Amino acid sequence: MAESFNLLGRNMYDLDDYTAEEITAILDAAVVMKEINQRDYKKLPTLKGKTVCTLFVENSTRTKISFELAASRLSADLISFEAETSSLQKGESLQDTVETLNAMGIDLYIIRHSSPGSPQLVNKYSGKPVLNGGDGRHAHPTQALLDMFSVREVLGTLKGLKVVIVGDITNSRVVRSNLIGMKKMGASVTICGPRTLVPGHMEEVYGCTVEYDLKTALKDADVVMGLRMQLERQTEGLFPSLEEYSKHYSISKETMQWAKKNAIVMHPGPMNRGIEILPEIVESSQSVIIEQVTNGVAVRMALLFLILGGKMG
């Protein structure tokens, strides 16, 4: 396990505020949490008496359930905020909502919101640690952590690996957090997609490589990650058709032959099977997609433990 780091009381807006050593400490703690999750009795008393609030103003399935299960496994009391049935629907501001919740004794907030910067506002109004469960197109740091954990678990390290992320780069919060985290951990990252779905200046901002041809991008790849093709944006005319996208950018057994023989395939979900990724590869031995979901609980347990419970190491 890495040298002990005290992350007590920290926020996690994105991974730019965390060093490679701190990320390693989180991933090492997640190894222990995953072992606990494989036991018959999966409960720890570590956070008994602490109260965690999942403040999800934007829809989510995987992230919300994963965080709530993580909190439950650590014996924290859980407040699950449902935006659709809350006073937010009656015009209450986020500030008033947080101040009301805070008066009930919340110790840590996990927020999912469509507006970038929302986690910082929750911290401002509450004064309590905040974990970003996804803010608009900006960031999704816990997804990046579980992705890095999954890579390290299979390939042993991230250092020196070539990671290729394929798909709708413009609208993905996952890719931004992964670019920051994976670069800190020593991987090189190539992003690939249609020109209309790749923002300008990505090389300068994130230190990555940009390719528009999938075969070129996948050469010597150790890790290939597909991103959800955001079907609701097809009406914006950013690409001719789903069939055209799939023809040039779908991850399949055929296209994976351009990567290294032992390359692994990942996807943050939800997937559009048959569009950005074919079922044949999802269900192949190269895929770690289901394991990513399992690892998400362990990583989020580690974060809650370290931020609310103190040191590990």
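Axes here are lines fitted to C-alpha atoms, for helices over the stretch in contact, and angles run from 0 to 180 degrees between N-to-C directions. The model is predicted.

Q: Why are H1 and H12 called roughly perpendicular to each other?
A: Helix H1 (residues 20-37) and helix H12 (residues 289-309) pack at an angle of about 115°. Angles of 65 to 115 degrees count as roughly perpendicular. H1 and H12 are therefore roughly perpendicular. Their axes lie 7 Å apart, and the crossing is right-handed.

Q: What makes the contact of H1 with H12?
A: Contact means heavy atoms within 4.5 Å. From H1 come Ala25, Ile26, Ala29, Ala30, Met33, Lys34 and Asn37. H12 supplies residues including Glu291, Thr294, Val297, Met301, Phe305 and Leu306.

Q: How many residues of the contact of H1 with H12 are nonpolar, polar and charged?
A: By class there are 13 nonpolar, 3 polar and 2 charged residues. Lys counts as charged and Ala as nonpolar. Lys34 and Ala25 of H1 both belong to this contact.

Q: Which residues of H3 and H4 make the contact?
A: H3 brings Leu94, Gln95, Val98, Glu99 and Asn102. H4 brings Val122, Tyr125 and Ser126. The classes are 4 nonpolar, 3 polar and 1 charged.

Q: What is the area buried between domain 1 and domain 2?
A: The domain assignment gives domain 1 (15-139 + 293-307) and domain 2 (141-291). Buried area is the accessible area that two parts lose on being put together, summed over both. Here that is about 2,500 Å², with 58% from carbon and sulfur atoms. In domain 1, Leu15, Leu27 and Arg137 lose the most area to domain 2, together 29% of what that side buries. The contact joins 33 residues of domain 1 to 28 residues of domain 2. The domain centres, taken over C-alpha atoms, are 26 Å apart.

Q: What is the omega of the cis peptide bond that joins Gly269 and Pro270?
A: Omega is about -5° for this cis bond. Pro270 sits in the loop between strand S9 (264-266) and helix H11 (279-282).

Q: What is the phi of Ser75, which is not a glycine?
A: Ser75 has a positive phi of about 70°. Ser75 is in the loop between helix H2 (62-73) and strand S2 (77-82).

Conventions. Residues are numbered from 1 along each chain as its sequence is written. This is a predicted model: local features need pLDDT of at least 70, side-chain atom pairs count only at pLDDT 80 or more; totals for chains, interfaces and linings use all residues. Side-chain values use heavy atoms; hydrogens and water are left out. Helices (H or I, at least four residues) and strands (E, at least two) are DSSP runs, numbered from the N terminus. Angles under 35 degrees count as roughly parallel, over 145 as roughly antiparallel, 65 to 115 as roughly perpendicular and the rest as oblique. A crossing is left-handed if the near helix is turned anticlockwise from the far one by less than a right angle, and right-handed if clockwise. Domain bounds come from an automatic or database domain assignment. Buried area is the accessible area (1.4 Å probe) that two parts lose on being put together, summed over both.
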